[in-house]
Amino acid sequence: MGTAISLDLADDLPRTEMDGLADEVFRWLREVDARFSTYRADSEVRRFDRGELLLSEASADLRLVLERCADLWGATDGFFDAYATGGLDPSGYVKGWAAQVASDRLLAAGSANHCLNAGGDVRVRGLSASGRPWRIGVRHPWDPMATCLVLTGSDLAVATSGVYERGHHVLDPRRGAPPRGLRSVTVVGTDLGLADAYATAAVAMGAAGVGWLDRLAGHRHAIVTDDGRLLHSTDLPLAD
């Protein structure tokens, strides 16, 4: 889906076993790309959007994603909208969901210590190779070589949505135009699909997203506004 993926396995496992775990992660992510990429004319999501595939004929994964996107539309008062651009584009949920599924599978397969980074959406579990909790840098929205803050933890889902790489690709679905007010939004929780979608929705809300995130139960956040202010939850797990 047009993004880079990195995987860090920090378990004390045989190399062949770790290679197998990594192969399975990337096999799954290639499968997700083939099914959900909006850049590929033959993807399942594109064929469904063109009416060439009935819902009853769709894969279980596509049906699940469509159901989750509908739930998220309601939970965000319509600001998470998989049809905001006119056609079906569930990427604001799919990328985080796919990485979350991959992390869940790694854990079930015996990898209790890993970090999966899907284009800036990060799922960490356990400890890094140093024996310490993972450190997750959040990119500075004006300087690609700098971070605006660093988070730390052993069971975190960290998703960031912003306008600094792809421009104003998130639309306010009510106006059909790019929102203004927030340069980047980072949401921290335990489910990367939800964190990804909530970050996207908050960007779409513009300045009103700050108050909405303050009321979002079970999640913490960090925001960089268009005028350069850094706002964040008081209990955000910041590294020393």
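Leaving aside its neighbours within four places in sequence, which residues is D61 in contact with? In this predicted model, D61 is in contact with W28, E31, R35, F36 and W97 once those sequence neighbours are set aside. D61 has its place in helix α3, which covers residues 60–75, and its side chain is joined to that of R35 by a polar contact of 3.0 Å. Because buried means under 20% relative accessible area, D61 counts as buried at its relative accessibility of 18%.

**The nonpolar cores**

W28, one of the contacts of D61, also touches W97, A98, V101, A102 and R105, again without counting residues up to four places away in sequence. W28 belongs to the largest nonpolar core, which has 53 residues, and is listed with F36, L62, Y93, W97, V185 and L213 as the members that touch the most others. The greatest contribution to this core comes from helix α5 (residues 192–205), with ten residues.

**Helix α5**

Of the 14 residues of α5, 13 are buried, so the helix is largely enclosed by the rest of the structure. Its length agrees with expectation, because at 1.5 Å a residue the helix should span 20 Å, and its end C-alpha atoms are 20 Å apart. At the start of α5, a side-chain oxygen of D191 comes to within 3.0 Å of the backbone nitrogen of G193, while G206, just after the helix, takes a positive phi of about 70°.

**The sheet**

Seven strands form an open sheet with antiparallel pairing, in the order β1-β2-β3-β6-β7-β8-β9. The edges are formed by β1 and β9, each of which pairs on one side only, and the twist from one strand to the next averages 10°. Within the sheet, β6 and β7 run antiparallel and are joined by six bridges, with A159 standing opposite V187 in β7. Helix α1 packs on the sheet, where it touches β1 and β2, and its direction makes about 155° with that of β1.

| β1 | 5–9 |
| β2 | 114–118 |
| β9 | 230–232 |

Helix α1 itself covers residues 15–36.

Methods:
Residues are numbered from 1 along each chain as its sequence is written. This is a predicted model: local features need pLDDT of at least 70, side-chain atom pairs count only at pLDDT 80 or more; totals for chains, interfaces and linings use all residues. Side-chain values use heavy atoms; hydrogens and water are left out. A nonpolar core is a set of buried Ala, Val, Leu, Ile, Met, Phe, Trp, Tyr and Cys residues joined through side-chain atoms within 4.5 Å. Buried means under 20% relative accessible area, exposed over 50%, partly exposed in between (1.4 Å probe, protein chains only). Helices (H or I, at least four residues) and strands (E, at least two) are DSSP runs, numbered from the N terminus. Contact means heavy atoms within 4.5 Å. A polar contact is a pair of N or O atoms within 3.5 Å; within protein, one must be able to donate a hydrogen and the other to accept it, and residues adjacent in sequence count only if both atoms are side-chain atoms. Two strands pair if DSSP finds at least two bridges between them. Axes are lines fitted to C-alpha atoms, for helices over the stretch in contact, and angles run from 0 to 180 degrees between N-to-C directions. The expected span of a helix is 1.5 Å times one less than its number of residues.
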